[in-house]
Each structure stands twice: as C-alpha cells, then as structure tokens.
Amino acid sequence: MTLVDQEWIVILNPLAGKKKGGKHKERIFGLLDKYKISYKPILTEGVGHAIQLTKDLIEKGQRKFIGIGGDGTMNELVNGIFLQTAVKPSEIALAFIPVGSGNDWVRTVGIPHDYEGAIKTIKTGSFFLHDVGKVTYQENEGRKARYFANIAGIAYDAFVVQRVNKKKSGNYKMTVLSSLLKYKPQVVRLILDDKEVLNEIVFSAAIGHGKFNGKGMMQLPEAMPDDGVFDLTVYHECTKMQVVKNTNKLYDGSFVKLPFISQHTAHKVRIESDSQVYIETDGEELGHTPIEIEMLTRSLKIICGIKSRMV
Ligand SMILES: [Mg+2]
C-alpha cells in the first residue's frame, strides 16, 4: 500500500469547542464520506490522549492524520508526531478540521472555519512545511519539553490561560480583563540568539509561528509559519489602564505601534527570571522559567490553504 492509498486516521476531541466536537461528529463524518475520504475515526478520552494515540499509531505504520478539535487538539497531534521515533516528523501528513472555541492556528494557515471548506482543503489542498518550536521548561524539580506550532505566551498570557482553563467557561475577553486585577508583572531576562535584549519588568510576551492567539488576537502580525524564525511581541511595563484601553487594538494588530510594545525575531529564545514566570503553548499551560525555545524549521507537513514560501 502506498502512502496515497493509506486511509486517514481521524482523531476527534468530543469536548472541543464546548462539546461541539461530539455534537457535530456525525455531520463531519458525513462530509468526509461525501468527499470520498477514506478514514478510521477515533475519539479522544481526555487530556494527552491524542498525543499517545498519534505517537503509537505512527510507530505502527500510520502516516496520515486528520485532527478534529481546537488548538489544544492540534497541539497534541503535533506533540505525538514529534515524540515518535519511527520516521522523520515531516513524513507524516497532518490535516485539520477546526471545531474549537478559539481556532487561532487555522487562521494563519488558511484552513476554513466551516467543516465543508476544511474538508475540501484536505481533498485538494497542497502540502505545506510548517515550522515547529520546542519549549523546554521547568516543572517541579525536572525539565520538560513541549512542541508547538502556533504561539507560546509567557507572563500575563500564561496567567490568563491558567485562569481560562480553570474556569472552562465564560467570556474569554472578560477573563483577559478581569485577570488584570490579580496579576503582578515580574522582571524577565530575554535572551535572543545568545544576546540579552532586555532585563526588566515585562507585562507579557508572545513567541511563535502563527499570527493569532487568544481567540482572534493578532499578537504576532508579521509572523510567517515557514520562515525559520520566531516572531516575538513584548509588552513592556505598562499600566493596567493602558491594557484596558488598548485591548481592541489586539484584534487588528495595530497595538504593535503602542510605545510599550516591541517586536523581535530570533532563531533561539531563552527566558530567565528570579521568580517563576510561566509559559503556555497553543493554549496549554506548562511550567515556568528557565525556558528555552528552539526552532525546528519546516519540520511539520500540514495540508492547508496556503502554499509553501521558501525563503
Ligand atoms: Mg516564523
């Protein structure tokens, strides 16, 4: 059997998008049938399950996956692809149908938000080699690693994700604003490509490949997912009122012109701090500093609506 003939494994998270994954599964499976996509469906049963499933199935010979879920599900499939040891990650084809509540990653790579549009992309779309970041961080007494394809956020960004994940419901934008009351920014040392670029109070920072996180916030307006560099946006010390007043400018990227914002690019990122500064990737809360982020250039083969742009 060639790779072209191999059926797809569909990994669906029934809890994604406030349980939309489960509620809409028959509709999505019906559309896959309509477009004559041959597949075997598997439903995930909890956090981390998609990582293990993807890893195990690749080690058994599977090479084609369709993820159905939100950014968290996408992140788990990516981690399964990078944790397996059978083949190079770029030998695995990853397609995605978004049903999450944020769906931030698909905005950059041109996968439509509607099910039929996403499925048409799988049927006709071209392969794209996407950059992936590997974050190494501290958790309890040990070092841990996590891969990400969209955006990692530290400081306020990670604080908001922790609070959103704890609540499981509620309005995201309201949580972004209400979290301000409890948040205390810390001093961060940011080292890009082995050069210290700042050592001061940082309100928040985003590092990544895609342009959007936080349910449509354009935190990295100039990021390209296949140029081999991380884009960074740093929010320097600012007042809470400045954050409240400018929240709307996050959605069109115009906030980057504000005086307390700086933008950077790097191949390698290191973040240090005296007190613990936390990190999240693709909406999953992880551990804390010291944090290292390394670039795995064009290492993930995805099927999407944009063409590879070799630079
Ligand atoms: Mg990039």
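Helices (H or I, at least four residues) and strands (E, at least two) are DSSP runs, numbered from the N terminus. Everything here comes from a predicted model, where local features need pLDDT of at least 70, side-chain atom pairs count only at pLDDT 80 or more, and totals for chains, interfaces and linings use all residues. Residue numbers start from 1 along each chain as its sequence is written.

**View 1. Here is where domain 1 touches domain 2**. The protein chain splits into domain 1 (8-124) and domain 2 (133-297), with bounds from an automatic or database domain assignment. Their C-alpha centres sit 25 Å apart. Domain 1 puts 14 residues into the contact and domain 2 puts in 16; two residues are in contact if their C-beta atoms, placed from the backbone, lie within 7 Å. On the domain 1 side, α4 (71-83) gives the largest share, 7 residues.

**View 2. Zoom in on the cis peptide bond between Thr289 and Pro290**. Its omega is about 0°. Pro290 belongs to strand β14 (residues 284-304). Most peptide bonds, by the way, are trans.

**View 3. Meet Asn103, a non-glycine residue with a positive phi**. That phi is near 50°. Look for Asn103 in the loop between β4 (93-98) and α5. Asn103 is buried, as 21 other C-beta atoms lie within 10 Å (buried means 20 or more, exposed 12 or fewer, partly exposed in between, with C-beta atoms placed from the backbone).

**View 4. Asn140 also has a positive phi, near 50°**. Asn140 sits in the loop between β5 (126-139) and β6 (142-148). With 6 C-beta neighbours inside 10 Å, Asn140 is exposed.
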